[in-house]
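Please consult the sequence and the structure shown here alongside the text.

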Amino acid sequence: LFLIKFMEMRYLSGIGVFFLLFSCTKHAGSHNFSFVEIETLYSDSLSIRAIEVMDGSLAFAANNGVFGSIDIQTDAIRTNIQRYDSMLPSFRAVAHTSSDFFMLSVGNPALLYKTGSRGYMELVYKEEGKGVFYDSMIFWNNLEGIAVGDGIDGCLSIIITGDGGENWKKVPCSRLPKTEQGEGAFAASNTNIAIMGDKTWVATTNSRVYYSDDKGVSWELFKTPLAHDKPTQGIYSIDFYDEKLGVVVGGDYTLPDHKTANKAITRDGGIHWQLVGDGMEPGYKSCVQFVPNAGGEDIVAVGFTGISYSKDGGKTWSTLSDESFYTIRFVHENVAYAAGRNRIAKLTFILNMEPWSLKYTNQR
């Protein structure tokens with residue numbers, strides 16, 4: 001049933017139109033959120049770091065080979081387990097086209113699966129070797145996609161497909177910038193890659209951003225001011241609101257209260273980055289996302305340290321919740337889905353809540 005659900009997507013384009021219309025608004029400034037209501041939809045003993053909003057559903061993959069979907073309209077849950085021989089892969093990256101769902105495991109061997117026409121997930125790419133560790137993946141369109149992993153032999157591991165995910169080829173090091181010692185990406189939230197049109201930004205553990213304006217054919221490097229003196233520091237997540245405005249967050253998960261050099265903004269497409277909210281909340285975060293239809297003013301960052309919100313482009317932040325999540329995706333400006341340790345939840349962002357109403361919501 002789970003795979004049938006994904007194969008039905010190609011016939012449900014009307015649902016996508018519904019969400020597009022629903023998310024449209026004349027408002028293009030901060031939504032001034034003051035509270036977030038959290039409703040747990042799925043619980044299990046899992047580490048869930050990869051979620052993706054698809055037509056009418058939220059797809060996810062986790063450790064222990066578990067993957068599944070949640071129907072956005074009914075909250076119905078479908079799950080399955082993907083085995084590879086006697087292994088139960090740990091999945092930390094997912095992606096989708098209009099017709100297929102993809103999931104990619106970390107560690108050696110790297111296993112990339114897609115929905116197949118035979119009623120089960122099909123293995124379309126496998127990579128074995130010392131140092132193999134893939135972190136994130138995304139599609140530019142229904143045919144072209146990219147996945148990024150840690151550095152091997154002096155360059156990042158980047159694989160690209162041009163036929164809808166049926167076949168993947170690794171980009172040779174001769175076409176990529178040289179990595180620094182130990183450079184890779186954090187497989188913390190499946191948000192190491194951001195795309196806008198043909199443009200692509202890849203954030204690394206060494207607080208650098210790899211940039212391509214031609215969907216991965218050629219690359220150049222930009223530096224950010226985020227701290228990266230330790231292996232546990234660097235950029236954990238990157239997002240772009242448009243082709244110019246972008247944000248990165250990071251920190252050190254072993255020192256989550258450290259608040260310096262862990263948040264930065266670019267306004268020129270990633271060439272230059274400036275620290276924001278330096279020395280102020282929040283500390284370590286594993287995922288950052290611009291809130292839709294807020295003109296780039298509203299930003300939400302999550303981590304096991306809680307949910308933080310900025311209504312002024314990252315200059316100042318407030319804590320909306322102390323509840324732990326690893327990753328988040330917005331459906332529209334007021335509703336998002338987040339995942340983390342042992343659960344997936346629906347997040348409803350509320351603005352200017354009166355004190356009596358806030359008290360009632362906290363008691364639910």
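The sections below treat the disulfide, the cysteines and the core in turn.

## Disulfide

The model is predicted. A search of the whole structure returns one disulfide, which joins Cys155 to Cys173 with an S to S distance of 2.0 Å. This pair links distant parts of the chain, 18 residues apart: Cys155 belongs to strand β11 (residues 155–161), whereas Cys173 lies in the loop between β12 (169–170) and β13 (193–196).

The torsion about the S-S bond of Cys155 and Cys173 is about -70 degrees, so the disulfide is left-handed.

## Exposure of the cysteines

Cys173, at 32% relative accessibility, counts as partly exposed.

Cys287 has 0% relative accessibility and so counts as buried. Cys287 is also among the residues that Val300 touches.

## Nonpolar core

The largest nonpolar core has 17 residues, of which Val300, Ile307, Ile328, Leu347 and Phe349 touch the most other members. Strands β1 (33–54), β22 (299–303), β23 (306–310), β25 (327–332) and β26 (335–351) each supply at least two residues of this core. The most come from β26, which gives five residues.

Leaving aside residues up to four places away in sequence, Val300 touches Cys287, Val288, Gln289, Val291, Ile307, Ser308, Tyr309, Ile328, Phe330 and Phe349.

How values were computed
Residues are numbered from 1 along each chain as its sequence is written. This is a predicted model: local features need pLDDT of at least 70, side-chain atom pairs count only at pLDDT 80 or more; totals for chains, interfaces and linings use all residues. Side-chain values use heavy atoms; hydrogens and water are left out. A disulfide is a pair of cysteine sulfur atoms within 2.5 Å. Helices (H or I, at least four residues) and strands (E, at least two) are DSSP runs, numbered from the N terminus. Buried means under 20% relative accessible area, exposed over 50%, partly exposed in between (1.4 Å probe, protein chains only). A nonpolar core is a set of buried Ala, Val, Leu, Ile, Met, Phe, Trp, Tyr and Cys residues joined through side-chain atoms within 4.5 Å. Contact means heavy atoms within 4.5 Å.
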